[in-house]
Amino acid sequence: MTSLDELFAQLRIATAPAEIEALRNGIWQLWLTTGEQALDKQLEAGMRALAAEEYTRAIACFTELITARPEWAEGWNKRATAYFMRGEYRASLTDIEETLRREPRHFGALSGWAMILRQLGHLRGALHVLRRLEALCPHWPGLQEELRDLRDQLEG
């Protein structure tokens, strides 16, 4: 089994979109495993609630995960996503911060953070966050265009 560090090292040099996608999927696969059957079931329940747009239930499921395993970054990230989907940006940003404290390379949290900052009109902050994403994977599909767009908006 490939470690997270190895996958991230490969992601940093990957250039082909299919390769980047495969590496991202491999990383997600590792991130989405708690190693405990009961917690994995709780995660699945939260993800089902999220997919069904039952955000209050999803937040409750992810909060239980965080309580049971506070060091596990993905519990925080999933709850940040549920808060974001419910339009609670402040709560989402707090959970993104917790996610990145546990896994600074979490590209899902970085992407979400940049999206929120952009929606709130904090373009310089969004640019800074996307540069962190660029350090993880310079050839991330669509990233260079997004960076260029932000720079253009800031200069214009």
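In the predicted model, the residues Leu123, Ala126, Leu127, Val129, Leu130, Leu133 and Leu136 of helix α8 are buried. These residues lie on the same side of α8, because the arc they cover around the axis is only 165°. An α-helix has 3.6 residues a turn, so residues three or four places apart point the same way. On the face of α8 turned away from the buried side, Arg124 and Ala135 are exposed. The buried residues of α8 are covered by elements including α1 (4-13), α7 (107-119) and α9 (143-155). Helix α8 itself runs through residues 123-136, a stretch of 14 residues. From its first C-alpha to its last, α8 reaches 20 Å, close to the 20 Å expected at 1.5 Å a residue.

Helix α9 can be described in the same terms. It has 13 residues and reaches 18 Å between its first and last C-alpha, close to the expected 18 Å at 1.5 Å a residue. Its buried residues are Leu143, Leu147 and Leu150. Seen down the axis of α9, these buried residues fall within an arc of 65°, so they line one face of the helix. Asp152 and Glu155 are exposed on the other side of α9. Among the elements that cover the buried residues of α9 are α7 and α8. Helix α9 also contains arginine 148, which is partly exposed, with a relative accessible area of 42%. Between arginine 148 and alanine 58 there are 35 Å in space, C-alpha to C-alpha, and the two are 90 residues apart in sequence.

A further pair of helices was examined for packing. Two packed helices are described by the angle between their axes and the distance between the axes. For helix α5 (residues 73-85) and helix α6 (residues 89-102), the angle is about 160° and the axes are 8 Å apart. Helix α5 is therefore roughly antiparallel to α6, since angles over 145 degrees count as roughly antiparallel. The crossing of the two helices, α5 and α6, is left-handed. On the α5 side, the residues that meet α6 are Ala73, Trp76, Asn77, Arg79, Ala80, Tyr83 and Phe84. Their partners in α6 are Tyr89, Ala91, Ser92, Asp95, Ile96, Glu98, Thr99 and Arg102.

Serine 92, in helix α6, was considered individually. Serine 92 counts as buried because its relative accessible area is 2%, and buried means under 20%. With its neighbours within four places in sequence left aside, serine 92 is in contact with Ala80, Tyr83, Phe84 and Ile116.

Two glutamates in loops were also examined. Glutamate 103 is placed in the loop between α6 and α7. With a relative accessibility of 9%, glutamate 103 counts as buried. Not counting residues up to four places away in sequence, glutamate 103 touches Leu4, Trp31 and Ala73. Ala73 also belongs to the residues of α5 that meet α6.

Glutamate 53 is in the loop between α3 (37-51) and α4 (55-68). Its relative accessibility is 57%, and glutamate 53 therefore counts as exposed, the term for values over 50%. Although it is not a glycine, glutamate 53 has a positive phi of about 60°.

How values were computed. Residues numbered from 1 in each chain as written. Predicted model: local features only at pLDDT ≥ 70, side-chain atom pairs only at ≥ 80, totals over all residues. Heavy atoms only, no water. Helix = DSSP H or I, 4+ residues; strand = E, 2+ residues; numbered from the N terminus. Expected span 1.5 Å × (residues − 1). Buried < 20%, exposed > 50% of the residue type's maximum accessible area, 1.4 Å probe, protein only. Arc of directions from axis to C-beta. Contact = heavy atoms within 4.5 Å. Axes fitted to C-alpha atoms, helices over the stretch in contact; angles between N-to-C directions. Parallel < 35°, antiparallel > 145°, perpendicular 65-115°, else oblique. Left-handed = near helix turned anticlockwise from the far one by under 90°.
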